[in-house]
Amino acid sequence: MIPLSPADDAAPETSAGTDTRDDALDTLRDWMVSGLGCVAGRREFLRNRYYIAPVATPDDVRRAFTGFVEALEARRTVAGLFVATRPDGGMLPPEPVAAAIRRMADLMSVLTTRPPEVLVDGGQLNRAIELTCPVTNRRLLFDDFDAVAFCPAAADPGDPLYDPMMAAPVICANLNSDVYAFSMFTRDLCLQAHDCEVFEIADHRTRRALFARASELWQRFAERTVRNYVSITDTGLCPTYLDTDRHHWYASHQDPAFAEMRKELYRHDMPVLYTGRILRRWIAWFEGGDAAEEAHFEPSALTPAGCPVHGVGRS
């Protein structure tokens, strides 16, 4: 297991600036270290690979997105957080989930053709970004960069949209690609174990063993993440749980919807299912297969959205 510790023992900084007077970002940084339930997300933050930008206007969002793409190209980041703040960078006052996600949708809608009212009611804010694949070293259109809104009130059992999985100490939106994140994680393992890039490994068996190890650890991260959230959730109000066979997890929101105005239960694939699809594409690329076809696969087809589970959940 890769340790959850800062690279070179350095304190995490944001790609968008390090002004310690910015109380909204300071609050978020503290929580990313001590309160974030997502294991993979905390790992990236502690390695100084989370791009964090304060945004008070739609123009701020546009500029931050440009910086985020540049950071992705340079492999300085894996995911981005767009943090809604006052113009001076301070924290916004508390507000219900519905109001907070509307605020975030108004800001983030400049990155999509979908209007804010669609984003807050189950709509998807997706961006396709062409990057060099960290595993195969070929240019690939990662079409599964999706933004999801988070806010403090989601942790309040009295809020109609209570869901601790969607809670953060500040109003923000997380933008990331599951496939790109797993690709970067696989590259990390390769550099750690073999001191080279994945595409520099000549032996097929060595590469396949690396892929299997990456898939195993990614599954462990996901299991720990779900259990972390179950431990802080009133599951009577907001059903959240992992299947006994560890193939699926259940949560009261759709993935990757930007936000929702009502809570319903959805079933989601665990990595034990979807990483196999990713690995088959990589193996076909390296070992022959139908390389021409595999070169044009769509990452979003590998990690499908959750399926609704009717008759259970909070109305």
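Cysteine 172 is buried, with a relative accessible area of 1%, where buried means under 20% relative accessible area, exposed over 50%, and partly exposed in between (1.4 Å probe, protein chains only). Cysteine 38, by contrast, is partly exposed at 26%. The model is a predicted one, in which local features need pLDDT of at least 70 and side-chain atom pairs count only at pLDDT 80 or more, while totals for chains, interfaces and linings use all residues. Residues are numbered from 1 along each chain as its sequence is written, and side-chain values use heavy atoms, with hydrogens and water left out.

A disulfide is a covalent bond between the sulfur atoms of two cysteines. With a disulfide taken as a pair of cysteine sulfur atoms within 2.5 Å, the structure contains zero disulfides. For cysteine 172, the closest cysteine sulfur is that of cysteine 151, and the separation of 8.6 Å is too far for a bond.

The protein comprises nine helices and nine strands; these are DSSP runs numbered from the N terminus, helices being H or I with at least four residues and strands E with at least two. Among contacts (heavy atoms within 4.5 Å) with a separation of 6 or more, 66% are between residues 24 or more positions apart.

Helix α3 covers residues 58-73. Its 16 residues should span 22 Å at 1.5 Å a residue, and the end C-alpha atoms are 23 Å apart, which agrees; the expected span is 1.5 Å times one less than the number of residues. The buried residues of α3 are Asp60, Val61, Ala64, Phe65, Gly67, Phe68, Ala71 and Leu72. An α-helix has 3.6 residues a turn, so residues three or four places apart point the same way. Arginine 75, which follows α3, has a positive phi near 60°.

Aromatic contacts were examined next. A pair of aromatic rings is described by the distance of the centres and the angle of the planes. Rings of Phe, Tyr and Trp (its six-membered ring) pair if their centres lie within 6.5 Å, and planes under 30 degrees apart count as stacked, over 60 as edge-to-face and the rest as tilted. The search of the whole structure finds 13 aromatic pairs. In one of them, tyrosine 51 and phenylalanine 68 have ring centres 5.9 Å apart and planes at 55°, so this pair is tilted. The pair links distant parts of the chain, as tyrosine 51 belongs to strand β1 (residues 50-55) and phenylalanine 68 to helix α3, 17 residues apart. Both tyrosine 51 and phenylalanine 68 are buried. Phenylalanine 68 also forms an edge-to-face pair with phenylalanine 145, with 6.2 Å from centre to centre and 80° between the planes. Because phenylalanine 145 lies in strand β4 (residues 139-150) and phenylalanine 68 in helix α3, this pair ties together parts that are 77 residues apart in sequence. Phenylalanine 145, like phenylalanine 68, is buried.

A single aromatic cluster is formed by Phe182, Phe185, Phe211, Trp218, Phe221, Trp282 and Phe286. The ring of phenylalanine 286 has the charged end of arginine 207 over it, 4.3 Å from its centre; a charge sits over a ring if NZ of Lys or CZ of Arg is within 6 Å of the ring centre and within 35 degrees of the ring normal.

A nonpolar core is a set of buried Ala, Val, Leu, Ile, Met, Phe, Trp, Tyr and Cys residues joined through side-chain atoms within 4.5 Å. The largest such core has 96 residues, of which Phe82, Met104, Met108, Phe145 and Phe258 touch the most other members. Helix α7 (residues 204-231) gives the most to this core, with nine residues. When residues up to four places away in sequence are not counted, methionine 104 touches Val55, Phe82, Ala84, Ala149, Ile171, Cys172, Ala173 and Phe258.

Several features were located in loops. Aspartate 159, in the loop between β4 and β5 (172-177), is buried at 7% relative accessible area. Its C-alpha atom is separated by 7.1 Å from that of valine 97, 62 residues apart along the chain.

Most residues other than glycine have a negative phi, and most peptide bonds are trans. Asparagine 48, in the loop between α2 (39-46) and β1, has a positive phi of about 60° and is partly exposed at 37%. Arginine 246, in the loop between β6 (241-242) and β7, likewise has a positive phi, near 60°, and is partly exposed at 40%. The peptide bond from aspartate 255 to proline 256 is cis, with omega near 20°; proline 256 lies in the loop between β7 (248-251) and β8 (265-269).
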